[in-house]
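The following paragraphs lead through one protein structure, from its overall build to its side-chain contacts and its surface. Please keep the sequence and the structure in view while reading.

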Amino acid sequence: FLFVGPSGVGKTTVARILRRKLGCGDMDIFEINAAESRGIDTIREVENDVRMFPIFGKSRVWIFDEVHKLTSEAQSAFLKVLEDSPSYCYFILCTTDSSKLILTIKTRCLLLQFFPLKFEDLKSLLLDVLEKERRSLEEDVIDKICEISGGSARKALMLLQSVISLEGGEEEKLKILSKEEEGEEAIEIARILLKKGTWKDLCYIVNKLKLNDEQVEGVRRLILSYMAKVALGGNPERACKIIDCFCRNFYDSGLAGFILACYECLYLID
């Protein structure tokens with residue numbers, strides 16, 4: 001099975017439910033984070049394990065999170081495992097970017113596409129959790145959580161946990177959530193600049209944030225921090241050029257200076 005969709009929409013959760021439907025016992029389930037165990041040695045271990053019969057139940061199941069992060073060598077070896085594994089072995093591959101998987105793996109899988117949750121579904125989820133926890137929260141705060149979660153149930157639940165125990169009132173909770181939203185959108189702007197996205201996408205996020213002259217300075221620092229991590233991670237050329245565009249502060253130029261820096265990154269640097 002190949003589960004494809006954005007983060008936090010339930011791919012791994014559904015995988016765990018599916019393994020029970022496949023008759024897999026607790027001793028026969030293996031979860032592998034391919035972002036951490038991405039080399040061929042991981043696949044060799046799986047290749048050895050598939051030869052063993054189920055200890056309890058009818059099947060053995062492997063769940064791969066972020067499977068697209070397996071190295072090309074590991075993916076090639078994994079293809080052989082998929083082709084030669086016994087009938088009692090199942091593989092559930094979860095990914096946010098299936099384009100990085102080799103085609104021969106994708107053609108051997110049953111594809112299930114996951115989508116972000118709708119606003120109404122997220123709100124229903126949060127209300128259900130609050131009811132079961134016997135807690136309450138202002139409706140405006142719940143709506144704000146749903147709004148900035150981007151369809152991610154995981155993010156919505158994390159935000160709910162972060163504000164539910166705050167002693168402040170509705171205004172204080174909304175203020176904290178607004179800062180969270182600003183940080184997330186700043187990272188999205190940074191990604192657009194790094195990958196040379198479209199001006200339309202950039203404008204959508206900036207307009208969504210409703211930035212004023214004072215807020216852009218905070219966003220600038222978040223972008224600089226993100227680019228520094230990218231540069232230190234081994235991809236310095238474009239990241240450092242973007243850092244150069246955002247090194248000057250926007251205390252005087254405000255939003256206009258920020259827009260100019262974004263324009264320079266998208267159109268004036270390679």
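At 21% relative accessibility, Glu-66 counts as partly exposed, a class that lies between buried (under 20% relative accessible area) and exposed (over 50%), as calculated with a 1.4 Å probe and protein chains only. This residue sits in the loop between β3 (59-65) and α3 (72-84), and its phi is positive, about 50°, although Glu-66 is not a glycine. Most residues other than glycine have a negative phi. Lys-196 likewise is not a glycine and has a positive phi, of about 55°. Its place is the loop between α8 (170-194) and α9 (199-209), and with a relative accessible area of 40% Lys-196 is partly exposed.

The model is a predicted one, in which local features require a pLDDT of at least 70 and side-chain atom pairs a pLDDT of 80 or more, whereas totals for chains, interfaces and linings use all residues. Residues are numbered from 1 along each chain as its sequence is written, and side-chain values rest on heavy atoms, with hydrogens and water left out.

The protein has 270 residues, of which 42% count as buried. Its secondary structure comprises 12 helices and five strands; these elements are DSSP runs numbered from the N terminus, helices being H or I with at least four residues and strands E with at least two. The C-alpha trace spans about 70 × 50 × 25 Å along its principal axes.

Among the strands, β2 (residues 24-33) pairs with β3 in the parallel sense over six bridges, where pairing requires that DSSP find at least two bridges between two strands. Ile-29 has Val-61 in β3 as its bridge partner. Between β2 and β3 the chain passes through helix α2 (residues 40-49), and this β-α-β crossover is right-handed: with the strands pointing away from the viewer, the path from the first strand over the helix to the second runs clockwise.

Aromatic contacts come next. Rings of Phe, Tyr and Trp (the six-membered ring in the case of Trp) pair if their centres lie within 6.5 Å, and the planes count as stacked under 30 degrees, edge-to-face over 60 degrees and tilted otherwise. By this rule there are 12 aromatic pairs. One of them joins Phe-3 and Phe-114, a tilted pair with 5.1 Å centre to centre and 45° between the planes. Because Phe-3 lies in strand β1 (residues 2-4) and Phe-114 in the loop between β5 (111-113) and α5 (119-132), the pair ties together parts that are 111 residues apart in sequence. Phe-3 is buried, at a relative accessible area of 2%, and Phe-114 is buried as well, at 13%.

The rings of Trp-62 and Phe-91 have planes at 25° and centres 5.2 Å apart, so this pair is stacked. It links strand β3, which holds Trp-62, to strand β4 (residues 89-95), which holds Phe-91, and therefore ties together parts 29 residues apart in sequence. Both Trp-62 and Phe-91 are buried. These two residues also belong to one aromatic cluster with Phe-30, Phe-64 and Phe-78.

Which charged side chains meet? A salt bridge is a side-chain nitrogen of Lys or Arg within 4 Å of a carboxyl oxygen of Asp or Glu, and a search of the whole structure finds 17 of them. In the bridge between Arg-19 and Asp-26, the N to O distance is 3.0 Å. Arg-19 is buried at 8% relative accessibility, whereas Asp-26 is exposed at 55%. Lys-123 and Asp-143 also form a salt bridge, 3.0 Å from N to O. Since Lys-123 lies in helix α5 and Asp-143 in helix α6 (residues 139-148), the pair ties together parts 20 residues apart in sequence. Lys-123 counts as buried, at 18% relative accessibility.

A further salt bridge joins Arg-220 to Glu-217, with the closest N and O atoms 2.6 Å apart. Being three residues apart in helix α10 (residues 215-232), Arg-220 and Glu-217 are separated by about one helical turn. Arg-220 is buried at 6% relative accessibility, and Glu-217 is buried at 5%. Elsewhere, salt bridges that share partners join Arg-19, Arg-20 and Asp-26 into one network.

On the surface, Leu-260, Tyr-263, Tyr-267 and Leu-268 form a nonpolar patch with about 420 Å² of accessible area together. Patches consist of residues with over 30% relative accessible area and no salt bridge, like charges being joined within 9 Å and nonpolar side chains (Val, Leu, Ile, Met, Phe, Trp, Tyr) within 5 Å; the areas come from the Shrake-Rupley method with a 1.4 Å probe, and for residues only the protein chains shown count as cover. Tyr-263 belongs to helix α12 (residues 254-268) and is partly exposed, at 38% relative accessibility.
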